[in-house]
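Please report on the packing, domains and charge pairs of the structure shown here. Keep it brief and tie each point to named residues.

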Amino acid sequence: MKAKHQRLILVIIALLAIAGAGLLAAWSLRNQANYFYLPEQMASDPPEVGQAVRLGGMVKAGSIKTEADGVTVNFLVTGNTPDAIPVRYSGILPDLFVENSGVVAEGSLGPDGVFLATNLLAKHDENYVPKELEGMGTEQAAKMAADTTVGLK
Amino acid sequence: MIAEIGLAALWLAAALAVLQMVSGAAALRTGPAGEANPLAIYARPAAVVQAFLAVLAFLLLLRAFAITDLSLKLVASNSHSMKPLLYKLTGTWGNHEGSMLLWVGVLAASGGLLAGFEKRLPERTMGATLAVQGFVALGFYAFLLLASNPFERLPVPAAEGTGLNPLLQDIGLAIHPPTLYAGYVGLSVAFSLAMGALLTREVNPSFARVMRPWVLGAWVLLTLGITAGSYWAYYELGWGGWWFWDPVENASLMPWLAATALMHSVSVLAARDALRTWTIMLGVLAFSMSMLGTFLVRSGVLTSVHAFAVDPERGAFILGLLGLYIGGAFTIFALRAGAVAEGKRFAALSREGALVFNNVMLSAILAIVLLGTLYPLLTEAFDVRVSVGPPYFNPASAIFAIPMLLVMAVGPLLRWKSDKPARLQFELALIAALVIGVIALVSFFGRFPLLPLLGLGLAAALAVAALLPLKGRKLARVPVATWGMVLAHFGVAVSLFGMACEGAFSEEKLAAVAVGGTEQINDFAVMLDAVTPVAGPNWTAIEASLAVRQDGGEPVILTPQARNFWSPPQSTSESALLTKWNGQLYAVIGNQAEDGRWQIRIWWKPFVTFIWYGGLLIGLGGILAIAGRVKVDVTRRRAASKGDQRRADLEALGAVAPQPAE
């Protein structure tokens, strides 16, 4: 076997492996990616019960309620419309989880319409929500949330 | 004044980068008689002076942060006079402009080191290399000076700074970003060298020997940076996880994967003169991944839990630079790769063959991670927002990682060029027996997820296989670089063992506990003694005092805190860790429920620390490999200079000087 042929074979093997990886990635990404929902989208076109999705929006003021076991919280997530999605989460709330701030909940929609969160992500950026946000209306706050929660529009 | 000097230094450095580029390119044009171009002599000094200026600019910014110079916009918006000094200093790179200045400083410093100390390369190749390095630096100077000037003054000095994100007020910020950046940017030298060699058609073993320490050094820094970052996220975020497949984490993993492949392929090139074009390709790929990582982290195009200092508008600038450099490099590669002569041949079953296989597997994992990281960006173009997490990354990367780890166990035992499987019957049987035996043994005790189970089997086999290259050799005579390889491969086994144990055997407890109440986890009884308010220099906190008794022994007090910083107003959760030889107890305090009970979350993570011990071992192995190579090189240089000396003496005596052998 000449050196040139060997190089050709190596290139083909490498290309095959990379293409295989690409195809595998494309196939499993279609199945495994978590789709992102805004509250208004979830209200109008809910995902299937049990399907892993993400819900992102603002924690509604005054909606955070803790259950009797002391570790389960219920709250409402709102977006740019009055639609609010109830969310239930068991665990310690993230550091930046406060009312009127952006949050991304990972989990799935339950049969009763309550979003069961397995994980809550609150943005930790040094460009924290400024004090001016206090006292703003929901709509303005939602706009602020869009700015402070990167990737949320 | 200080800030203006810093800015002037940056402009001067940018000008020198232009000189370095022009002068380096001039080295490629030799005169009709083959004499060097007179312009070419400026490239090396330009690189060295540029390094001094860029480092000076960074030090001046560091000083501005140290004394909290509030007339600087950057200091005012990211620091605070009441912050502890350490965090004032580390805050220099805890923001966009400062971290880009650090990036550029390291870039210039590594270019300066290359220009100042590397004398082995032919002058033409060196010129081309420095020209490419200057071109890369110039783009980033432009980015700093035009789009993110760190020395911008405020019209009126601020009365007080805004402060630094409390999550970044940690010793982790002092270690993790500089290490990672130095690794990212060290790969720029590998990139420039690869381009230089490609432009001058000097892809050969002596070029590989020049490139190797840079690749190894960058790889060690990346390894240590990722290890430190993983541990930092583990204890600082308070989620009990050590890797989240977050875009920012992937951004550091991708250059590491490429650098790992490059490091192995450059060794093949140096030792056996094979894999020439492949090495060049990986050199381009590795630095491309570094720049892509910088883009992903800096631009904030992807949602991340670790992203700090993001600015979408500047993202376009970095994207432009990225397109220019990566596109340009791959164009030159496509045009020139055909002109690189084929290297030496080898059989499929040889050490080269095993390394090629692992290189391909690493590239495949890189493709998996890259596609998974960029997929959300792709779908966003169609207005569909998705996120990609462990359910994708874990199995998809394992499909390629498992064969890679198996070949990694056998590879170092194979001979160069060609080998026979019969020679390794015992070793192969031992490795297979260990994998199957451990998996069978563990499954006997309970049902565990598939991947951690495979991980345990592979870890056991790898740990033994890593030591097999030492079998039958006199340990005192084993080269230092070989010890490095053994240690690094053993580190992979240790790390894998930690990951598998964490995945298979972790226990978790979440409860609301009244003061005086006790929770049981594994064989630890955790009692909530008291909850008290405490205060630090720029924070106040609620501190839980947890008395942990193992099997009814003496109590150890753990004090997890929920901290409130006042500037910026933000709260963080400080986890408390109890480290045993066989794992860690990880405790976090949450909020107080309305009835007065406190939320406590406790994990028992067996052998989780092995993940980072393994990372340290891998890094240490890399350091040993560099030390070994440098030792050999110094000996060789000393011998060469002795030879030169003798020739010069002969010439001085009037004898006919012998022609130097090429």
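Buried means under 20% relative accessible area, exposed means over 50%, and partly exposed covers what lies in between. This is a predicted model.

**Salt bridges**

The whole structure holds 18 salt bridges over all chains. One of them pairs A:Arg88 with A:Glu67, with the closest N and O atoms 3.6 Å apart. The pair links distant parts of the chain, 21 residues apart. A:Arg88 sits in strand S5 (residues 84-90) of chain A, and A:Glu67 in the loop between strand S3 (65-66) and strand S4 (72-78). A:Arg88 has a relative accessible area of 30%, so it counts as partly exposed. A:Glu67, at 34%, is also partly exposed.

In chain B, B:Arg153 bridges to B:Glu4 at 2.8 Å between the closest N and O atoms. B:Arg153 lies in the loop between helix H6 (123-147) and helix H7 (171-199), and B:Glu4 in helix H1, so the pair ties together parts 149 residues apart in sequence. B:Asp419 and B:Arg423 also meet through their side chains, at 2.8 Å from N to O. A network of salt bridges links B:Glu118, B:Arg120, B:Asp633 and B:Arg637.

| Residue | Relative accessibility | Class |
|---|---|---|
| B:Arg153 | 30% | partly exposed |
| B:Glu4 | 37% | partly exposed |
| B:Asp419 | 12% | buried |
| B:Arg423 | 36% | partly exposed |

**A buried arginine**

B:Arg276 lies in helix H10 (residues 276-299) of chain B. Its relative accessibility is 14%, so B:Arg276 counts as buried. Beyond its close sequence neighbours, B:Arg276 contacts residues including B:Val203, B:Leu269 and B:Glu342. B:Asn204 is 72 residues away in sequence, yet the two C-alpha atoms are 7.2 Å apart.

**Nonpolar core and patch**

The largest nonpolar core has 186 residues. Those with the most contacts inside it are B:Trp103, B:Phe140, B:Tyr141, B:Leu193 and B:Met211. Leaving out residues up to four places away in sequence, B:Met211 touches B:Ala190, B:Leu193, B:Ala194, B:Leu262, B:Val266 and B:Gly283.

On the surface, B:Val18, B:Leu19, B:Val22, B:Leu39, B:Ile41 and B:Tyr42 form a nonpolar patch of about 510 Å² accessible area together. B:Leu39 belongs to the loop between helix H1 (2-26) and helix H2 (43-66). B:Leu39 is partly exposed because its relative accessibility is 39%.

**Domains of chain B**

The assignment gives domain 1 (1-169), domain 2 (420-505 + 610-652) and domain 3 (507-606). The C-alpha centres of domains 1 and 3 lie 44 Å apart. Twelve residues of domain 1 contact seven residues of domain 3.

Notes: Residues are numbered from 1 along each chain as its sequence is written. Chains are lettered from A and ligands numbered from 1 in the order in which they are written. This is a predicted model: local features need pLDDT of at least 70, side-chain atom pairs count only at pLDDT 80 or more; totals for chains, interfaces and linings use all residues. Side-chain values use heavy atoms; hydrogens and water are left out. A nonpolar core is a set of buried Ala, Val, Leu, Ile, Met, Phe, Trp, Tyr and Cys residues joined through side-chain atoms within 4.5 Å. Buried means under 20% relative accessible area, exposed over 50%, partly exposed in between (1.4 Å probe, protein chains only). Contact means heavy atoms within 4.5 Å. Patches are made of residues with over 30% relative accessible area and no salt bridge: like charges are joined within 9 Å, nonpolar side chains (Val, Leu, Ile, Met, Phe, Trp, Tyr) within 5 Å. Accessible areas come from the Shrake-Rupley method with a 1.4 Å probe; for residues, only the protein chains shown count as cover. A salt bridge is a side-chain nitrogen of Lys or Arg within 4 Å of a carboxyl oxygen of Asp or Glu. Helices (H or I, at least four residues) and strands (E, at least two) are DSSP runs, numbered from the N terminus. Domain bounds come from an automatic or database domain assignment.
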